[in-house]
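Colleague: I would like to learn how to read a model like this one. Can we go through it together?

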Amino acid sequence: SPIHDFLKLLPKCEHHIHLEGALTPPVLFQLAQRNNITLPQDDDAFQSSEFLLQRYQRFTSLDDFLHYYYIGMSVLIHASDFEALAWDYFEHASADGVHHAEVFFDPQAHTSRGVDYRTVLEGFQAACKRATQELGITTELITCYLRHLPVPDCLETFHHEAVQESYKSGEIRGIGLDSSELDFPPHLFEELYTKAKGTGLRLTSHAGEEGPSHYISSALDDLQVERIDHGIKLAGDEALMKRVATQATMLTVCPMSNVVLRCVKEIKDVPIRAFLDAGVKFSINSDDPAYFGGYILDNYCAVHEAFDLSIDEWTTIARAGIEGSWCGQTRKDEMH
Ligand code: ES4
Ligand code: ZN
């Protein structure tokens with residue numbers, strides 16, 4: 001359709017994609033076999049690629065999804081596995097019209113299994129380099145900390161020699177905070193964020209996905225973040241929504257993720273219209289495309305289906321995404 005073509009051609013930036021969430025069931029089974037990883041035998045979902053995909057369509061919550069997400073990534077061992085995973089994502093992103101991608105990964109989810117941080121980074125960096133050279137996509141890497149793990153574990157990872165080296169060299173642009181939200185409020189990670197800010201890193205955090213709106217204000221006040229990942233619970237808090245609009249904090253919204261994880265009943269319930277009306281800046285993103293049934297263009301199209309946005313509104317969204325990116329001004333000017 002003409003609108004699909006328009007949305008595909010719109011210069012898009014993606015700010016909320018977990019590379020581990022780009023692991024499709026076929027690749028998962030292929031790597032499990034190649035790396036001799038035993039998948040859970042007591043869960044029928046792991047009988048086949050098709051069963052697993054069907055199970056993904058029945059997630060009941062963020063934690064229900066995360067259970068499969070952490071098992072899935074257990075098949076990633078070698079730098080080449082991480083490179084292939086990220087490359088698969090960049091090919092999809094390119095086909096969808098992404099010009100710039102800021103991608104998350106979870107160092108602790110790999111180091112805790114005995115996979116070296118350098119191995120993970122080497123693989124992802126190789127894919128990023130290819131994405132720029134062969135697809136013209138510029139990239140930034142963001143390390144996410146797992147909020148369900150003890151705070152000392154996060155601090156230990158932050159201070160790990162190879163991690164520090166990648167921060168100080170600029171190989172990593174910023175940090176984020178992800179995983180199970182409700183039981184792990186932002187303020188627990190204040191020390192981590194203060195240290196990251198002191199290192200010159202950009203700051204974002206998942207907040208207001210399942211958690212209440214005061215987790216969003218806590219991320220802004222206690223963690224000093226400049227972006228909020230998800231942030232859909234902001235819509236129920238008029239005063240906070242005004243603040244976020246005034247200070248131009250960008251939300252990285254993931255509509256299909258919100259539906260699949262039952263944070264909202266349908267795309268129409270994602271507060272896109274409320275954000276546009278309040279002047280809240282946001283980008284539209286895929287989150288975990290292999291688990292939630294679509295890449296970025298599917299998310300753009302789903303939003304259009306639900307909200308019938310005007311060309312002007314789409315232009316506003318695309319511009320906010322470029323402006324809210326963590327690339328240099330020269331690259332922003334190129335995309336505008
Ligand atoms: C995630 Cl959708 C979502 N929420 C929180 N943490 C995550 N890690 C990967 N996907
Ligand atoms: Zn996420």
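Predicted model: local features only at pLDDT ≥ 70, side-chain atom pairs only at ≥ 80, totals over all residues.

Modeller: Residues are numbered from 1 along each chain as its sequence is written, and chains are lettered from A and ligands numbered from 1 in the order in which they are written.

Colleague: Which residues have the most contacts inside the largest nonpolar core?

Modeller: In soluble globular proteins, nonpolar side chains tend to be buried together. A nonpolar core is a set of buried Ala, Val, Leu, Ile, Met, Phe, Trp, Tyr and Cys residues joined through C-beta atoms within 7 Å. Here the largest has 94 residues, and L19, A86 and F124 have the most contacts inside it. Helix 5 (residues 79-95; a DSSP run of H or I, at least four residues) gives the largest share, 7 residues.

Colleague: What surrounds ligand 1?

Modeller: A residue counts as near if its C-beta atom, placed from the backbone, lies within 6 Å. Ligand 1 is surrounded by H18, G21, L62, Y69, D178, S179, H206, E209, S257, D287 and D288.

Colleague: Is D288 buried or exposed?

Modeller: Buried means 20 or more other C-beta atoms within 10 Å, exposed means 12 or fewer, and partly exposed is in between; C-beta atoms are placed from the backbone. D288 is buried because 27 lie within 10 Å. By contrast, V27 is partly exposed, with 19. V27 sits in helix 2 (residues 25-34).

Note on methods. Helix = DSSP H or I, 4+ residues; strand = E, 2+ residues; numbered from the N terminus.
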